[in-house]
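Have the sequence and the 3D view open side by side, and let's take a walk through them together.

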Amino acid sequence: VYNALVINPAFAGCHDALSATISYRNQWVGFKDAPKSYMLSVHTPLHNDRIGLGLLIEKNSIGIFKETSFIGNYAYRMELRDGKLALGLGFGFTVYNIAWNELEATDADDVQLMNNSTSAVLPTFSLGAYYYTKKYFIGISMPMFLSHELDKSTGKYKIGKNFSGSNYFLSGGYDFSISPKIKILPSLLIKYHPHNAIQVDYNAQIDLKDRIWIGIGYRNKNMLIGMLQCKLTYQLRMAYSYDFIMGSIGKYVNGSHEIVLNYVLKYARKVIGPRQF
């Protein structure tokens with residue numbers, strides 16, 4: 001909701017100003033070596049307004065597995081009816097590292113664990129389309145669609161072309177004005193992977209005087225999400241979300257936390273869409 005460039009390269013330039021976002025996510029608090037994510041995204045339109053450029057730096061870790069991605073984003077933007085349509089391409093590379101020596105092995109002499117680490121630098125690409133107006137947005141994307149498989153016999157990665165291992169994202173949202181000072185902003189994110197069940201995020205936020213956003217989200221059958229966003233200044237925003245994990249796993253974890261900071265340089269011209277998009 002707060003950092004669309006992470007899943008869709010076509011979002012580059014859609015704030016119609018130079019925009020920078022940083023985020024940190026600490027998932028499944030209470031589990032040792034649980035997933036953690038750090039993200040930095042910067043994007044801007046060029047002077048001709050047809051092209052948007054962006055940079056995404058993302059670091060993820062879970063246990064002994066770590067990966068860092070550096071992705072450049074290019075979006076071509078065009079006027080379409082009452083809004084803008086952007087077609088985007090992301091291209092860059094991901095650094096993979098597996099620290100086998102960090103495992104607590106029952107058999108320390110196991111030959112399968114003798115390597116100190118496995119690392120590789122592999123290319124990655126993303127595709128996406130994004131359409132937005134003053135009242136709504138819709139996007140479709142396929143982020144990082146190249147598959148990278150580890151060959152157990154050699155300990156090296158192979159680049160695959162099997163799209164059955166790719167993720168497909170569909171997002172959308174609408175701006176309902178209840179009064180001049182109150183808006184309701186429902187949004188939806190559908191995530192599809194051929195080998196997994198479809199995951200759906202239902203989100204809704206209440207916009208109070210364009211300064212505070214209070215939201216709630218629901219993900220499939222096992223997660224409830226609380227969201228809070230504040231406009232600290234005209235250019236600086238901060239958002240926080242907390243995942244309430246339900247079901248049997250909820251007994252052992254303290255949820256997931258995510259914090260986002262976004263800074264937008266002053267607008268040089270009138271923008272087409274509402275700032276929350």
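**Rings that pair up**

Let's begin with the aromatic rings: the count comes to 11 aromatic pairs. Here rings of Phe, Tyr and Trp (its six-membered ring) pair if their centres lie within 6.5 Å, and planes under 30 degrees apart count as stacked, over 60 as edge-to-face and the rest as tilted. One of these pairs is Tyr24 with Tyr38, a tilted one with 5.1 Å from centre to centre and 40° between the planes. This pair links distant parts of the chain, as Tyr24 sits in strand 1 and Tyr38 in strand 2, 14 residues apart. Strands (E, at least two residues) are DSSP runs, numbered from the N terminus.

A quick word on where all this comes from: you are looking at a predicted model, where local features need pLDDT of at least 70, side-chain atom pairs count only at pLDDT 80 or more, and totals for chains, interfaces and linings use all residues. Residues are numbered from 1 along each chain as its sequence is written, and side-chain values use heavy atoms, with hydrogens and water left out.

The scale calls a residue buried under 20% relative accessible area, exposed over 50% and partly exposed in between (1.4 Å probe, protein chains only).

Another pair is Tyr131 with Tyr136, whose centres are 6.1 Å apart and whose planes meet at 50°, so this pair is tilted. Tyr131 counts as buried because its relative accessibility is 11%, while Tyr136, at 33%, is partly exposed.

Which residues does Gln27 touch, leaving aside its neighbours within four places in sequence? They are Ala34, Pro35, Gly255 and Ser256, where contact means heavy atoms within 4.5 Å. Ser256 is 229 residues from Gln27 in sequence, yet their C-alpha atoms are 4.2 Å apart in space.

**Another tyrosine, and the cysteines**

Further along, Tyr202 lies in strand 13 (residues 199-208). Tyr202 is partly exposed because its relative accessibility is 44%. Not counting residues up to four places away in sequence, Tyr202 touches Ser187, Leu188, Ile216, Gly217 and Tyr218.

As for cysteines, a search of the whole structure finds 0 disulfides, a disulfide being a pair of cysteine sulfur atoms within 2.5 Å. Cys14 is buried at 7% relative accessible area, whereas Cys230 is partly exposed at 21%.

Met144 has a positive phi of about 45° although it is not a glycine. You'll find Met144 in the loop between strand 7 (136-142) and strand 8 (147-151), partly exposed at 28% relative accessibility. Asp210 also has a positive phi, about 60°, and is not a glycine. Its place is in the loop between strand 13 and strand 14 (212-219), and Asp210 is partly exposed at 34%.

Note on methods. Helix = DSSP H or I, 4+ residues; strand = E, 2+ residues; numbered from the N terminus.
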